[in-house]
Amino acid sequence: MNIALVGNQNSGKSSLFNILCGEKQKIGNWPGVTIEEKIGIIKNTNHTLIDLPGTYSLIPYSKEEEITAEYIKNNSVDLIINVIDVTLLERSLYLTTQLKETGIPIILALNMCDLLEKEHLKIDPKELGKLFGIKVVIISSKKKIGVSELINEINSNNYLNEKIYIKKNQSLEKTIENRYDFIDLVTQRVLKKEGNNSDNKLDKIFLNKYVGIPIFVLVMTIVYYLSTNIVGNTLSLFVENIIDSSILTINDVLLKCKTSEWLISLINDGIVVGVGSVLTFLPQLLVLFLCINILENTGYMSRIAMLLDKLFHWLGLSGKSLIPFIVGSGCSVPAIMTARTIENQKEREKTIALTSFIPCSAKLPLIVLISSFFFPNYQGLVAVSLYFLAIFVIVFLSFITKKRKSEESFFISELPKYQFPNLRYVFKDTLCKCWDFIKRAGSVILFSSIIVWCLSHISTSITFTNDISASILAFLGKSISFLFYPILKTNSWEASISALQGIIAKEQVVASMEILADNTKNIFSSGTFSFFTPLTAYSFCVFNLFSAPCISAIATLKQELKSTKKVIIIVMLQTLFAYILASSISIIGGIFL
């Protein structure tokens, strides 16, 4: 039997899918898009279950909703399991009325039943099933309540299929009105509310137009302070000691094996030092991902999107633009893809162009490196200042590029219930993101570090050399070092070539500096980079944060914009803007300091 799992976003649909199918599932992408496709076999049955993208209506407004609507319309579906958040019954039942009108048998799964008492709600599932003419099962995917009853209901093949009374041959507006009238009737008869909703009290604080944004600033400051200072820095020192010990151990083993000098240098100075310099910052990333995941799972981030919606429209963006910006703190690639949910083409392209200004996880190693060395007493504040500088840059660029007359789009999103985050999910998602970072360090950074070492040990006459100033890398760096003089206040080919490698991967900036730093434990204590001052270091960081994104993000830009010309313009203008901003900070700061 072919079963479609349908429901609103954040209704617990995907969690139920994982419980029903367990390991018997496969994950891919729907044809032609990067939206996730999940298909599985329900445990102890032969039933195929398709987890369709979350939707609020069968009249699509986004690519996800279009996939769901088209699948139900054009595929052979024997049964629909409609998962709804029982605490948001009235809003969720609109989709149910549309599904009922398809004539496909439905089982209504009232999810999150464990929250009914907390929300002071009482529901009559039998009356609900009678009014809709469908089977109703009370479940909780989080607590695994009612799952076996749901499976038994699926296997029973005893589905009611009475039609809802909706007048035909009438306008769409009248049909929608009839649906809402029916939903209003149903909720009055099956749902009873007792007491006050605690969410309303919290929303009066977090959505307050006067204190909502200051609270958000405070929250993000705490997140970055924990990530780069208190917790993350302590754990990083532990990882750094492990890497230092590994270098000594590997060196001893290679010497005992009578390994040649150049190979020892390649392994230690190129591979271990290059990759290790990036892995040292893994604890900071772990703490950052953990904090962001917790905020998202409590329901707070959805409220920030709503709070900033008016501001975004004033800047010529969509309220949905905040979602790519938040995702961008992890990685620019999925963030750029997330902008697909924005219907208005101009707003979508503008959001895509601005997303890479957000400091992603790959930029955090450089932020931590500079803030910890030059601003040890204010490390957290300096790190968060760069984050909010990115927000200022986005606001500034959005405002100056805003057109006076533009087509407005609408931001439709639910406000999920405030809840204690599912720690199992939070930790699992955090570890997955950290593992992706490790894989990146083990592939792109490893390859790039080897290339840097080779170029720094091969002379322009194509012979091996230990004199790095005579290497090909030095020749390339010296040819562009003058460009960075306004930022660095000196000609440094080492810093210039390191910044240039940010186009490969932003983590590679730190890895390259580590390789070129004369094997000194602290990069800025070496003779190579001792010229840096707090001001020039901050300016150098600003340039690397806001210049052209990595090659993976550029490829994604090309994929989403479908235009090589637009991508070239975005990359060139972004790099030029980063150069002007960093130079201005260095020059103006030098005048006043």
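Q: Which residue forms a salt bridge with Arg179, and how far apart are the closest N and O atoms?

A: Side chains of opposite charge can pair when their charged atoms come close. In this predicted model, Arg179 pairs with Glu101 in a salt bridge, and the closest N and O atoms are 2.9 Å apart. The two residues belong to distant parts of the chain, 78 residues apart: Arg179 lies in helix H6 (residues 172–190), while Glu101 sits in the loop between helix H3 (89–100) and strand E6 (106–111).

Q: How many salt bridges does the count come to?

A: The count comes to four salt bridges. One of them joins the side chains of Asp51 and Lys13, at 2.7 Å from N to O. Because Asp51 lies in strand E4 (residues 48–51) and Lys13 in helix H1 (residues 13–21), this pair ties together parts that are 38 residues apart in sequence. Asp51 counts as buried at 4% relative accessibility, and Lys13 counts as buried at 7%.

Q: Where in the chain are Arg189 and Glu127, the members of another pair?

A: The side chains of Arg189 and Glu127 meet in a salt bridge of 2.7 Å, N to O. This pair also links distant parts of the chain, with Arg189 in helix H6 and Glu127 in helix H4 (residues 125–132), 62 residues apart. Arg189 is partly exposed at 47% relative accessibility, whereas Glu127 is buried at 17%.

Q: At what angle do helix H24 and helix H25 pack, and how far apart are their axes?

A: Two packed helices are described by the angle between their axes and the distance between the axes. Here, helix H24 (residues 551–561) packs with helix H25 (residues 564–592) at an angle of about 140°, and their axes are 8 Å apart. H24 is therefore oblique to H25. The crossing in which H24 passes H25 is right-handed.

Q: Which residues make the contact of H24 and H25?

A: From H24, the contact is made by Ile554, Leu557, Lys558 and Leu561; from H25, by Thr564, Lys566, Val567, Ile570 and Val571. Sorted by class, this contact has six nonpolar, one polar and two charged residues.

Notes
Residues numbered from 1 in each chain as written. Predicted model: local features only at pLDDT ≥ 70, side-chain atom pairs only at ≥ 80, totals over all residues. Heavy atoms only, no water. Helix = DSSP H or I, 4+ residues; strand = E, 2+ residues; numbered from the N terminus. Buried < 20%, exposed > 50% of the residue type's maximum accessible area, 1.4 Å probe, protein only. Axes fitted to C-alpha atoms, helices over the stretch in contact; angles between N-to-C directions. Parallel < 35°, antiparallel > 145°, perpendicular 65-115°, else oblique. Left-handed = near helix turned anticlockwise from the far one by under 90°. Contact = heavy atoms within 4.5 Å. Nonpolar A, V, L, I, M, F, W, Y, C, P; charged D, E, K, R; others polar.
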